[in-house]
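Reader: Please show me how the features of such a model should be read, with the general idea before each case.

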Amino acid sequence: LDAAPALAEDVLTDLVRYLRCFLCVEVEVAEVPELPIAPKGWQALHERLRHPLRNRPGRPGSGIERQLCAPHLLECLKGLKRDPVAVEVPAAEGAACVLGFTACELFRSTEGLLPDEAVPEERTRAFSVAAARASVGAVSIAHLEGRLAKEGPPRRKFMRQLMTLVSHSFLELLHLRSCQSHQCLAYHRAFDPENTSMNMCYQCEDALIRLTRPRGEKWEDMVMAAADRYRDIGETLQHIGSNLERIKLSRRSYAEFEEDCDWLQVAEEILRESAAERRRRLPEAPEGTSRRRSLLACLRCAHEQQPHVALKRTFTQPLLKRTCLVDMAQSAPYRHECGELAKWTIAVTNRRHEAGGHYVELGGSLRQKKIGSFIDAGLNASLARSGQERLKSTMAQMPLTWKEQRVGNVIELPKIRGRTRVLEK
(Lines give C-alpha, C1' and ligand atoms only; values in the text may rest on other atoms or scores of the structure.)
Protein backbone atom coordinates (compact mmCIF):
# COMPACT_ATOMS: atom_id res chain seq x y z
CA LEU A 1 0.00 0.00 0.00
CA ASP A 2 3.02 2.32 -0.01
CA ALA A 3 4.52 4.21 -2.90
CA ALA A 4 7.99 2.98 -1.90
CA PRO A 5 8.49 -0.73 -1.11
CA ALA A 6 8.03 -1.39 2.59
CA LEU A 7 10.23 -4.52 2.43
CA ALA A 8 13.30 -5.49 0.48
CA GLU A 9 12.74 -7.80 -2.47
CA ASP A 10 14.46 -10.80 -0.87
CA VAL A 11 12.53 -10.38 2.40
CA LEU A 12 9.23 -10.17 0.54
CA THR A 13 10.07 -13.31 -1.45
CA ASP A 14 10.92 -15.25 1.71
CA LEU A 15 7.74 -14.02 3.42
CA VAL A 16 5.51 -15.13 0.54
CA ARG A 17 7.21 -18.53 0.43
CA TYR A 18 6.68 -19.00 4.16
CA LEU A 19 3.00 -18.03 3.96
CA ARG A 20 2.36 -20.48 1.15
CA CYS A 21 3.85 -23.33 3.17
CA PHE A 22 2.28 -22.32 6.48
CA LEU A 23 -1.26 -21.62 5.26
CA CYS A 24 -1.33 -24.24 2.48
CA VAL A 25 -2.85 -21.66 0.11
CA GLU A 26 -1.66 -19.63 -2.84
CA VAL A 27 -0.42 -16.16 -1.90
CA GLU A 28 -0.01 -13.42 -4.50
CA VAL A 29 1.56 -9.96 -4.16
CA ALA A 30 -0.15 -7.13 -6.03
CA GLU A 31 0.26 -3.36 -6.15
CA VAL A 32 -2.27 -0.65 -6.94
CA PRO A 33 -0.85 1.09 -10.04
CA GLU A 34 -0.26 4.80 -10.02
CA LEU A 35 -2.42 7.51 -11.53
CA PRO A 36 -1.42 10.81 -13.16
CA ILE A 37 -2.64 12.57 -10.04
CA ALA A 38 -1.61 10.07 -7.38
CA PRO A 39 1.34 7.70 -6.77
CA LYS A 40 0.80 3.99 -6.46
CA GLY A 41 -0.43 2.51 -3.21
CA TRP A 42 -3.09 3.80 -0.87
CA GLN A 43 -3.32 7.19 -2.60
CA ALA A 44 -4.14 5.64 -5.98
CA LEU A 45 -6.54 3.22 -4.26
CA HIS A 46 -8.77 5.83 -2.69
CA GLU A 47 -8.64 7.99 -5.84
CA ARG A 48 -9.87 5.11 -8.00
CA LEU A 49 -12.63 4.20 -5.54
CA ARG A 50 -13.46 7.85 -4.84
CA HIS A 51 -13.66 7.01 -1.18
CA PRO A 52 -12.21 9.29 1.53
CA LEU A 53 -9.08 8.10 3.29
CA ARG A 54 -7.92 10.39 6.05
CA ASN A 55 -4.19 10.60 6.56
CA ARG A 56 -1.87 12.70 8.67
CA PRO A 57 1.88 13.34 8.71
CA GLY A 58 4.06 11.14 10.85
CA ARG A 59 5.31 12.17 14.25
CA PRO A 60 8.58 14.14 14.21
CA GLY A 61 11.57 11.89 14.82
CA SER A 62 9.62 8.64 14.41
CA GLY A 63 10.80 7.86 10.88
CA ILE A 64 7.18 7.28 9.74
CA GLU A 65 6.03 9.32 6.75
CA ARG A 66 2.23 9.08 7.05
CA GLN A 67 -0.53 7.90 9.37
CA LEU A 68 -3.65 6.28 7.89
CA CYS A 69 -7.18 6.07 9.26
CA ALA A 70 -7.88 2.37 9.83
CA PRO A 71 -11.71 2.40 9.24
CA HIS A 72 -11.32 4.31 5.97
CA LEU A 73 -8.53 1.99 4.83
CA LEU A 74 -10.71 -1.07 5.47
CA GLU A 75 -13.52 0.44 3.40
CA CYS A 76 -11.10 0.97 0.53
CA LEU A 77 -9.92 -2.64 0.78
CA LYS A 78 -13.53 -3.82 0.74
CA GLY A 79 -14.05 -1.94 -2.51
CA LEU A 80 -10.90 -3.52 -3.95
CA LYS A 81 -12.15 -7.00 -3.07
CA ARG A 82 -15.61 -6.33 -4.56
CA ASP A 83 -14.36 -4.98 -7.89
CA PRO A 84 -10.63 -5.55 -8.43
CA VAL A 85 -10.91 -4.74 -12.15
CA ALA A 86 -12.04 -1.19 -11.40
CA VAL A 87 -8.94 -0.69 -9.24
CA GLU A 88 -6.77 -2.33 -11.95
CA VAL A 89 -5.61 -5.11 -9.65
CA PRO A 90 -6.59 -8.26 -11.58
CA ALA A 91 -4.59 -10.50 -9.24
CA ALA A 92 -7.18 -9.88 -6.49
CA GLU A 93 -10.05 -11.26 -8.57
CA GLY A 94 -11.53 -14.33 -6.90
CA ALA A 95 -9.31 -13.95 -3.80
CA ALA A 96 -10.57 -15.50 -0.57
CA CYS A 97 -9.14 -12.61 1.47
CA VAL A 98 -7.20 -9.40 0.94
CA LEU A 99 -4.53 -8.18 3.36
CA GLY A 100 -3.02 -4.73 2.94
CA PHE A 101 0.62 -4.22 3.85
CA THR A 102 2.04 -0.85 4.81
CA ALA A 103 4.79 0.86 6.77
CA CYS A 104 2.47 3.70 7.82
CA GLU A 105 0.93 3.92 11.26
CA LEU A 106 -2.76 3.14 11.75
CA PHE A 107 -5.12 5.22 13.88
CA ARG A 108 -8.84 5.26 14.59
CA SER A 109 -9.59 8.49 16.43
CA THR A 110 -8.39 12.07 16.01
CA GLU A 111 -10.42 13.50 18.85
CA GLY A 112 -8.89 16.65 20.36
CA LEU A 113 -6.25 17.10 17.62
CA LEU A 114 -5.68 19.88 15.15
CA PRO A 115 -6.34 19.20 11.44
CA ASP A 116 -2.67 18.69 10.49
CA GLU A 117 -1.42 17.44 13.85
CA ALA A 118 0.14 13.99 14.05
CA VAL A 119 -1.70 11.36 16.07
CA PRO A 120 0.10 10.53 19.35
CA GLU A 121 1.98 7.28 19.62
CA GLU A 122 -0.39 5.74 22.17
CA ARG A 123 -3.19 5.90 19.58
CA THR A 124 -1.19 4.17 16.85
CA ARG A 125 -0.19 0.99 18.67
CA ALA A 126 -2.26 -1.34 16.47
CA PHE A 127 -0.22 -3.79 14.42
CA SER A 128 -3.20 -4.95 12.36
CA VAL A 129 -6.86 -4.16 11.71
CA ALA A 130 -9.42 -6.40 10.05
CA ALA A 131 -13.01 -6.68 8.94
CA ALA A 132 -13.40 -10.42 9.39
CA ARG A 133 -16.85 -10.64 7.79
CA ALA A 134 -15.57 -9.05 4.59
CA SER A 135 -12.28 -11.01 4.77
CA VAL A 136 -10.15 -7.88 4.40
CA GLY A 137 -7.49 -6.48 6.71
CA ALA A 138 -4.33 -4.42 6.92
CA VAL A 139 -0.96 -4.89 8.59
CA SER A 140 1.44 -2.17 9.72
CA ILE A 141 5.12 -2.84 10.38
CA ALA A 142 5.74 0.68 11.67
CA HIS A 143 6.22 -0.50 15.27
CA LEU A 144 8.21 -3.67 14.58
CA GLU A 145 11.70 -3.24 15.99
CA GLY A 146 14.65 -3.79 13.70
CA ARG A 147 12.82 -3.26 10.41
CA LEU A 148 15.66 -1.04 9.19
CA ALA A 149 18.46 -3.27 10.49
CA LYS A 150 20.55 -5.21 8.00
CA GLU A 151 22.18 -7.78 10.31
CA GLY A 152 22.62 -8.88 13.90
CA PRO A 153 19.99 -9.67 16.56
CA PRO A 154 17.62 -6.85 15.44
CA ARG A 155 17.44 -8.39 11.96
CA ARG A 156 16.68 -11.87 13.29
CA LYS A 157 14.10 -10.43 15.64
CA PHE A 158 12.37 -8.54 12.84
CA MET A 159 12.14 -11.59 10.57
CA ARG A 160 10.60 -13.76 13.28
CA GLN A 161 8.07 -11.11 14.30
CA LEU A 162 7.23 -10.24 10.69
CA MET A 163 6.30 -13.82 9.78
CA THR A 164 4.32 -14.21 13.00
CA LEU A 165 2.40 -10.97 12.47
CA VAL A 166 1.39 -11.63 8.85
CA SER A 167 0.41 -15.27 9.44
CA HIS A 168 -1.54 -14.23 12.55
CA SER A 169 -3.47 -11.67 10.47
CA PHE A 170 -4.23 -14.16 7.71
CA LEU A 171 -5.65 -16.61 10.25
CA GLU A 172 -8.07 -13.92 11.39
CA LEU A 173 -9.25 -13.34 7.82
CA LEU A 174 -9.74 -17.11 7.42
CA HIS A 175 -11.90 -17.13 10.60
CA LEU A 176 -9.49 -19.41 12.42
CA ARG A 177 -8.28 -17.08 15.18
CA SER A 178 -10.45 -18.43 17.98
CA CYS A 179 -8.12 -20.70 19.96
CA GLN A 180 -8.11 -20.63 23.77
CA SER A 181 -4.45 -21.62 24.15
CA HIS A 182 -2.01 -18.74 24.61
CA GLN A 183 0.75 -20.90 23.10
CA CYS A 184 -1.07 -21.09 19.76
CA LEU A 185 -0.70 -18.62 16.91
CA ALA A 186 -4.50 -18.60 16.51
CA TYR A 187 -4.99 -17.30 20.06
CA HIS A 188 -8.05 -15.05 20.16
CA ARG A 189 -6.10 -12.11 21.64
CA ALA A 190 -4.53 -9.36 19.53
CA PHE A 191 -0.99 -9.71 18.24
CA ASP A 192 1.77 -9.11 20.78
CA PRO A 193 5.34 -9.08 19.42
CA GLU A 194 6.73 -10.56 22.66
CA ASN A 195 4.04 -13.11 23.59
CA THR A 196 2.37 -14.34 20.39
CA SER A 197 3.59 -17.80 19.44
CA MET A 198 4.85 -18.64 15.98
CA ASN A 199 3.27 -22.11 15.93
CA MET A 200 -0.23 -23.54 16.05
CA CYS A 201 -1.76 -26.20 18.27
CA TYR A 202 -2.89 -29.49 16.74
CA GLN A 203 -6.61 -28.55 16.86
CA CYS A 204 -6.01 -25.38 14.82
CA GLU A 205 -3.73 -27.23 12.41
CA ASP A 206 -6.51 -29.75 11.81
CA ALA A 207 -8.99 -26.93 11.18
CA LEU A 208 -6.58 -25.20 8.78
CA ILE A 209 -5.93 -28.33 6.73
CA ARG A 210 -9.63 -29.16 6.49
CA LEU A 211 -10.39 -25.60 5.41
CA THR A 212 -7.72 -25.38 2.71
CA ARG A 213 -8.11 -28.88 1.27
CA PRO A 214 -10.90 -29.78 -1.21
CA ARG A 215 -14.12 -30.96 0.38
CA GLY A 216 -14.51 -34.72 0.37
CA GLU A 217 -10.79 -35.43 -0.01
CA LYS A 218 -9.54 -38.84 1.07
CA TRP A 219 -8.00 -39.38 4.49
CA GLU A 220 -4.66 -40.45 3.03
CA ASP A 221 -4.34 -37.25 1.01
CA MET A 222 -5.09 -35.07 4.03
CA VAL A 223 -2.46 -36.84 6.14
CA MET A 224 0.10 -36.49 3.37
CA ALA A 225 -0.78 -32.80 3.06
CA ALA A 226 -0.19 -32.30 6.81
CA ALA A 227 3.16 -34.11 6.64
CA ASP A 228 4.21 -32.16 3.55
CA ARG A 229 3.26 -28.95 5.36
CA TYR A 230 5.70 -29.75 8.19
CA ARG A 231 8.43 -30.55 5.68
CA ASP A 232 7.91 -27.43 3.56
CA ILE A 233 7.83 -25.12 6.59
CA GLY A 234 11.06 -26.65 7.87
CA GLU A 235 12.82 -26.22 4.53
CA THR A 236 11.61 -22.62 4.25
CA LEU A 237 12.75 -21.71 7.76
CA GLN A 238 16.11 -23.33 7.11
CA HIS A 239 16.50 -21.27 3.94
CA ILE A 240 15.53 -18.04 5.70
CA GLY A 241 17.84 -18.81 8.64
CA SER A 242 20.78 -19.40 6.30
CA ASN A 243 20.45 -15.81 5.03
CA LEU A 244 20.65 -14.39 8.56
CA GLU A 245 23.69 -13.93 10.75
CA ARG A 246 24.39 -16.93 12.95
CA ILE A 247 23.93 -16.74 16.72
CA LYS A 248 27.29 -16.99 18.49
CA LEU A 249 27.35 -18.32 22.05
CA SER A 250 30.73 -18.96 23.63
CA ARG A 251 32.69 -21.00 21.05
CA ARG A 252 29.66 -22.32 19.18
CA SER A 253 27.31 -20.78 16.65
CA TYR A 254 23.68 -21.58 15.87
CA ALA A 255 21.41 -20.76 12.97
CA GLU A 256 18.14 -18.95 13.44
CA PHE A 257 15.08 -21.28 13.44
CA GLU A 258 17.36 -24.27 14.10
CA GLU A 259 15.23 -25.62 16.94
CA ASP A 260 12.04 -24.99 14.95
CA CYS A 261 13.38 -27.02 12.04
CA ASP A 262 14.33 -29.91 14.33
CA TRP A 263 10.87 -29.92 15.89
CA LEU A 264 9.17 -29.90 12.49
CA GLN A 265 11.34 -32.77 11.24
CA VAL A 266 10.46 -34.93 14.24
CA ALA A 267 6.79 -33.96 13.93
CA GLU A 268 6.75 -35.10 10.31
CA GLU A 269 8.23 -38.48 11.22
CA ILE A 270 5.80 -39.03 14.09
CA LEU A 271 2.85 -38.00 11.91
CA ARG A 272 3.73 -40.49 9.17
CA GLU A 273 4.36 -43.30 11.68
CA SER A 274 1.11 -42.74 13.56
CA ALA A 275 -0.85 -42.61 10.30
CA ALA A 276 0.63 -45.95 9.19
CA GLU A 277 -0.38 -47.79 12.37
CA ARG A 278 -3.48 -49.98 12.31
CA ARG A 279 -5.56 -51.65 15.02
CA ARG A 280 -7.66 -54.78 14.99
CA ARG A 281 -11.16 -54.33 13.68
CA LEU A 282 -14.16 -54.16 15.96
CA PRO A 283 -16.47 -57.20 16.19
CA GLU A 284 -19.30 -55.45 14.34
CA ALA A 285 -16.99 -54.15 11.58
CA PRO A 286 -16.94 -55.97 8.22
CA GLU A 287 -14.17 -58.38 7.32
CA GLY A 288 -10.95 -57.01 5.88
CA THR A 289 -11.17 -53.67 7.69
CA SER A 290 -8.93 -52.23 10.39
CA ARG A 291 -9.00 -49.18 12.62
CA ARG A 292 -6.80 -46.18 12.00
CA ARG A 293 -6.21 -42.83 13.65
CA SER A 294 -8.02 -39.73 12.48
CA LEU A 295 -6.15 -36.70 11.16
CA LEU A 296 -6.68 -34.91 14.47
CA ALA A 297 -5.28 -37.88 16.41
CA CYS A 298 -2.21 -38.04 14.16
CA LEU A 299 -1.53 -34.33 14.63
CA ARG A 300 -1.98 -34.77 18.37
CA CYS A 301 0.65 -37.50 18.42
CA ALA A 302 3.05 -35.26 16.51
CA HIS A 303 2.65 -32.57 19.20
CA GLU A 304 2.48 -34.66 22.35
CA GLN A 305 5.15 -37.28 21.64
CA GLN A 306 7.93 -34.68 21.71
CA PRO A 307 8.69 -31.63 23.85
CA HIS A 308 6.53 -28.59 23.29
CA VAL A 309 7.83 -25.77 21.16
CA ALA A 310 9.04 -23.06 23.53
CA LEU A 311 8.11 -19.46 22.95
CA LYS A 312 11.22 -17.84 21.48
CA ARG A 313 12.62 -14.72 23.00
CA THR A 314 13.32 -11.80 20.76
CA PHE A 315 16.32 -10.37 22.62
CA THR A 316 14.25 -7.85 24.61
CA GLN A 317 12.00 -8.46 27.59
CA PRO A 318 12.36 -12.07 28.83
CA LEU A 319 9.29 -14.27 29.04
CA LEU A 320 10.31 -15.82 32.35
CA LYS A 321 8.61 -13.26 34.52
CA ARG A 322 5.20 -14.66 33.60
CA THR A 323 6.06 -18.33 33.41
CA CYS A 324 7.88 -19.11 36.65
CA LEU A 325 7.11 -19.06 40.36
CA VAL A 326 10.67 -19.41 41.70
CA ASP A 327 12.19 -17.05 44.24
CA MET A 328 14.14 -14.67 42.03
CA ALA A 329 15.82 -12.31 44.46
CA GLN A 330 19.13 -12.92 42.63
CA SER A 331 17.81 -12.58 39.10
CA ALA A 332 19.97 -9.70 37.80
CA PRO A 333 20.53 -8.25 35.24
CA TYR A 334 16.99 -8.34 33.83
CA ARG A 335 15.02 -8.48 37.11
CA HIS A 336 12.83 -11.40 36.11
CA GLU A 337 10.96 -11.36 39.41
CA CYS A 338 9.08 -8.24 38.33
CA GLY A 339 5.64 -8.72 36.82
CA GLU A 340 2.10 -9.73 37.63
CA LEU A 341 1.82 -12.77 39.87
CA ALA A 342 -1.44 -13.76 38.18
CA LYS A 343 0.48 -14.55 34.99
CA TRP A 344 3.03 -16.85 36.65
CA THR A 345 2.74 -20.61 36.52
CA ILE A 346 4.10 -23.29 38.85
CA ALA A 347 7.77 -24.24 38.67
CA VAL A 348 9.14 -27.73 39.19
CA THR A 349 10.41 -28.32 42.73
CA ASN A 350 12.17 -31.49 43.86
CA ARG A 351 13.62 -31.14 47.36
CA ARG A 352 15.52 -34.42 47.20
CA HIS A 353 17.27 -33.34 44.01
CA GLU A 354 16.79 -36.77 42.48
CA ALA A 355 15.91 -35.34 39.09
CA GLY A 356 15.90 -31.64 38.48
CA GLY A 357 15.50 -29.20 41.31
CA HIS A 358 14.89 -25.49 41.64
CA TYR A 359 15.39 -23.96 38.20
CA VAL A 360 16.11 -20.26 37.88
CA GLU A 361 16.77 -18.54 34.58
CA LEU A 362 20.07 -16.69 34.27
CA GLY A 363 19.12 -14.57 31.28
CA GLY A 364 21.84 -12.79 29.34
CA SER A 365 24.75 -14.83 30.75
CA LEU A 366 27.10 -17.33 29.13
CA ARG A 367 27.02 -19.81 31.99
CA GLN A 368 26.33 -23.46 31.37
CA LYS A 369 22.61 -24.08 30.82
CA LYS A 370 20.37 -26.99 31.69
CA ILE A 371 16.88 -27.57 30.39
CA GLY A 372 14.38 -27.18 33.20
CA SER A 373 11.39 -29.49 33.50
CA PHE A 374 8.87 -26.79 32.60
CA ILE A 375 6.26 -28.86 30.81
CA ASP A 376 4.22 -26.05 29.32
CA ALA A 377 6.86 -23.44 28.57
CA GLY A 378 10.09 -25.41 28.01
CA LEU A 379 12.25 -22.71 29.51
CA ASN A 380 15.99 -22.86 29.10
CA ALA A 381 16.94 -22.53 32.76
CA SER A 382 20.00 -23.24 34.86
CA LEU A 383 20.01 -25.25 38.07
CA ALA A 384 20.15 -23.16 41.23
CA ARG A 385 22.91 -24.06 43.69
CA SER A 386 21.92 -26.33 46.56
CA GLY A 387 23.16 -26.02 50.15
CA GLN A 388 26.01 -28.48 49.67
CA GLU A 389 27.29 -26.65 46.61
CA ARG A 390 27.11 -23.35 48.46
CA LEU A 391 29.18 -24.86 51.32
CA LYS A 392 31.81 -26.12 48.89
CA SER A 393 32.09 -22.74 47.21
CA THR A 394 32.41 -21.04 50.60
CA MET A 395 35.18 -23.42 51.72
CA ALA A 396 37.01 -22.88 48.46
CA GLN A 397 37.04 -19.13 49.01
CA MET A 398 38.55 -19.38 52.54
CA PRO A 399 42.08 -17.87 52.68
CA LEU A 400 43.65 -20.71 54.74
CA THR A 401 43.24 -24.47 54.34
CA TRP A 402 44.42 -27.49 56.31
CA LYS A 403 47.18 -28.34 53.87
CA GLU A 404 48.72 -24.89 54.24
CA GLN A 405 48.83 -25.14 58.06
CA ARG A 406 49.89 -28.77 58.46
CA VAL A 407 53.04 -29.67 60.42
CA GLY A 408 55.90 -31.25 58.56
CA ASN A 409 56.18 -34.44 60.73
CA VAL A 410 52.52 -35.43 60.35
CA ILE A 411 52.24 -38.95 58.93
CA GLU A 412 50.29 -39.18 55.71
CA LEU A 413 47.58 -41.81 56.07
CA PRO A 414 46.62 -43.87 53.06
CA LYS A 415 43.24 -43.42 51.48
CA ILE A 416 40.39 -45.53 52.80
CA ARG A 417 40.02 -47.47 49.56
CA GLY A 418 43.72 -48.27 49.56
CA ARG A 419 43.84 -49.85 53.02
CA THR A 420 44.51 -53.56 52.81
CA ARG A 421 45.79 -54.15 56.34
CA VAL A 422 45.51 -52.72 59.84
CA LEU A 423 47.87 -49.81 60.44
CA GLU A 424 50.67 -50.55 62.89
CA LYS A 425 51.45 -48.17 65.71
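Author: Let us begin with residue classes: Ala, Val, Leu, Ile, Met, Phe, Trp, Tyr, Cys and Pro count as nonpolar, Asp, Glu, Lys and Arg as charged, and the others, Gly among them, as polar. The model is predicted, so local features need pLDDT of at least 70 and side-chain atom pairs count only at pLDDT 80 or more, while totals for chains, interfaces and linings use all residues. Residues are numbered from 1 along each chain as its sequence is written, and side-chain values use heavy atoms, with hydrogens and water left out.

Reader: How many cavities of 30 Å³ or more does a search of the whole structure find?

Author: On a 1 Å grid over the protein atoms alone, a cavity is a set of points where a 1.4 Å probe fits but cannot get out; a pocket is an open set with protein on both sides within 12 Å along at least five of seven lines, and lining residues have an atom within 4 Å of a point. Points are joined across faces, edges and corners, and a volume is the space filled by probe spheres set on them. Here the search finds two cavities of 30 Å³ or more. The second largest cavity holds about 110 Å³ of space.

Reader: Which residues lie nearest the centre of the second largest cavity, and which classes make up its lining?

Author: Its lining has 13 residues, and Phe22, Met198, Asn199, Ile233 and Leu264 lie nearest the centre. By class, nine residues of this lining are nonpolar, one is polar and three are charged. Helices (DSSP runs of H or I, at least four residues) and strands (runs of E, at least two) are numbered from the N terminus. Helix 1, helix 6 (219-242) and helix 7 (258-276) each supply at least two residues to the lining of this cavity. The largest share, four residues, comes from helix 6.

Reader: Which residues of helix 2 are buried, and what covers them?

Author: In helix 2 (residues 42-49), the buried residues include Trp42, Ala44, Leu45, His46 and Arg48. Their cover includes strand 1 (55-57), strand 2 (66-69) and helix 3 (70-82).

Reader: Is Ala226 buried or exposed, and what does Ala226 touch?

Author: Ala226 lies in helix 6 and counts as buried because its relative accessible area is 2%. A contact means heavy atoms within 4.5 Å. Not counting residues up to four places away in sequence, Ala226 touches Ile209, Leu271, Leu295 and Leu299. Ala226 and Leu299 are 73 residues apart in sequence, yet their C-alpha atoms are 8.2 Å apart in space. Asp206, found in helix 5 (residues 202-212), is buried too, with a relative accessible area of 10%. Leaving aside neighbours within four places in sequence, Asp206 is in contact with Leu295, Leu296 and Leu299. For the protein chain, residues 24 or more positions apart account for 59% of the contacts with a separation of 6 or more.

Reader: How many salt bridges are there?

Author: A salt bridge is a side-chain nitrogen of Lys or Arg within 4 Å of a carboxyl oxygen of Asp or Glu. By this rule the count is 21. One of them joins Arg177 and Glu172 (3.3 Å, N to O). Arg177 counts as buried because its relative accessibility is 18%, whereas Glu172, at 21%, counts as partly exposed. Glu217 forms a salt bridge with Arg213, with 2.7 Å between the closest N and O atoms; Arg213 is partly exposed at 30% relative accessibility.

Reader: Which residues are linked in a network of salt bridges?

Author: Asp228, Arg231, Asp232, Glu268 and Arg272 are linked in such a network. Within it, the closest N and O atoms of Arg231 and Asp232 are 3.4 Å apart. Asp232 is partly exposed, with a relative accessible area of 25%, and Arg231 is partly exposed at 34%.

Methods: Buried < 20%, exposed > 50% of the residue type's maximum accessible area, 1.4 Å probe, protein only.
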